[in-house]
Amino acid sequence: MLDLEILPENSLGCDAWEFVLGMHFSQAIAIIQSQVGIIKGVQVLYSDTNPLGVDIIINLPQDGVRLIFDPVVQRLKTIEVFNMKLVKLRYGGVYFNSPEVLPSIEQIEHSFGATHPGVYDAAKQLFALHFRGLSFYFPVDSKLHSGYAHGLGSLVFLNGASPVVSKMSLYAGSNVAENRAPSLPLPCYHRQMYLEGATVLRTSYGHTKGLKLKLFTEGSGRALEPRRQCFTRELLFGDSCQDVATNLGAPNRIFFKSEDKMKIHSSSVNRQAQSKRSDIFFNYFTLGIDVLFDARTQTCKKFILHTNYPGHFNFNMYHRCQFQFQLQADHPISMENNDLLTPAKQDHINITAYTKWDEISGSLATSERPVVLHRASSTNTANPFGSTFCYGYQDLIFEVMPNSHIASVTLYNTAPPRQPAHSWQQHKMQDIRLTVA
């Protein structure tokens with residue numbers, strides 16, 4: 001049985017770990033994975049058809065705990081304890097729920113102090129006590145004495161039988177019905193950088209140049225207290241590994257691309273010219289971005305932006321990349337008077353991590369036949385989520401899920417790679433000139 005401490009409007013946990021309101025979905029999963037053998041029977045619930053409209057839920061049925069995440073920002077917004085008999089709960093170091101202590105109305109008021117009069121829902125037969133960031137729900141039957149007037153009085157129970165808590169909700173704010181996921185709290189930064197937004201940089205000729213990233217991480221103020229620090233960085237095609245590491249720091253993982261499964265779609269000349277050396281991926285999981293470097297030139301040639309939708313093979317590996325960019329619409333757009341726009345006045349389509357493929361394909365002349373991509377790991381070839389479909393447009397590749405949401409966007413460089421002028425190469429050329437002179 002879990003023995004947990006609650007902190008209203010903040011967290012639920014113990015000395016070893018805690019679920020903090022505002023933490024990212026992947027951080028909660030990492031905690032659960034670290035408690036193998038202690039936390040069992042974990043369920044992840046989401047909607048395939050409406051992943052942005054239905055909350056993502058981590059259900060712990062054997063511990064009576066439910067974690068509810070906002071489907072858009074994917075941060076923890078509500079912690080529910082739906083079975084009080086399966087967990088011990090403390091507040092301020094004192095138990096208010098355990099096998100020895102029943103969480104009755106008197107016990108809750110004794111542990112948490114006075115609050116506003118309870119609210120009774122006759123339809124659900126629930127009596128609720130609300131504190132700031134914390135709510136308790138008590139089941140009551142239809143024989144409840146009519147001592148509740150105009151929603152302000154206290155309930156009077158027959159025979160002095162006070163009900164016990166059936167559910168507890170922990171959230172940020174004062175209204176459980178309107179609560180939202182708070183911003184990522186400082187204790188959850190873990191010395192990592194996080195992405196606030198990414199803008200795809202494109203030329204007037206329709207070529208991608210790179211990315212402009214709005215980042216934030218943990219900094220310190222004048223009093224050396226931790227605080228949120230924001231800054232902007234740019235990544236361009238042709239940047240070296242050193243350039244990217246200088247701007248973004250060390251990657252979460254470095255992956256050597258041993259094989260290219262898309263090589264068969266290239267021309268025979270490109271296939272023969274492939275180097276024996278492997279291209280290198282810099283994986284930035286907390287940014288939702290992969291950077292691919294050419295094995296020969298050691299310069300950046302591709303960016304991959306991940307949207308982290310549930311139901312995708314890579315779900316929970318990345319944070320969602322909040323990207324946005326505009327493309328000029330190829331298909332004329334109808335106006336209210338049924339007139340068509342002239343090519344000079346064609347509108348633009350704004351593409352974000354939330355844009356569905358139906359909207360994009362209706363405005364752009366993308367490839368008609370997609371490439372079917374079936375992902376699988378080296379240890380487990382089974383993919384329960386099925387295949388995705390890749391559509392090309394200019395220097396972009398859209399990976400589309402069966403529900404029409406974008407799983408990832410790949411940006412690749414169509415211009416010849418530029419060689420970075422390293423300082424040691426410049427000094428070497430100067431030495432050669434001096435020797436010749």
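C390 is buried, because its relative accessibility is 12% (buried means under 20% relative accessible area, exposed over 50%, partly exposed in between, with a 1.4 Å probe and protein chains only). C14 counts as partly exposed at 27%. The whole structure holds 0 disulfides (a disulfide is a pair of cysteine sulfur atoms within 2.5 Å).

This is a predicted model, where local features need pLDDT of at least 70 and side-chain atom pairs count only at pLDDT 80 or more, while totals for chains, interfaces and linings use all residues. Residues are numbered from 1 along each chain as its sequence is written, and side-chain values use heavy atoms, with hydrogens and water left out.

C390 leads on to I397. I397 touches C390, Y391, S408, V409, T410 and Y412, leaving aside residues up to four places away in sequence (contact means heavy atoms within 4.5 Å). I397 lies in strand β25, residues 396–400 (helices, H or I, of at least four residues and strands, E, of at least two are DSSP runs, numbered from the N terminus). I397 is partly exposed, at 29% relative accessible area. Its C-alpha atom is 9.6 Å from that of T366, 31 residues apart along the chain.

In β26, V409 is the bridge partner of L305. Strands β20 and β26 (residues 406–412) run antiparallel, joined by 5 bridges (two strands pair if DSSP finds at least two bridges between them). β20 also pairs with β19 (residues 289–293), antiparallel over 5 bridges. There, F293 stands opposite C300. β19 and β20 form a hairpin with 6 residues between them. In the turn, Q298 has a positive phi of about 60 degrees. Strand β20 spans residues 300–306; 5 of its 7 residues are buried, so the rest of the structure largely encloses it.
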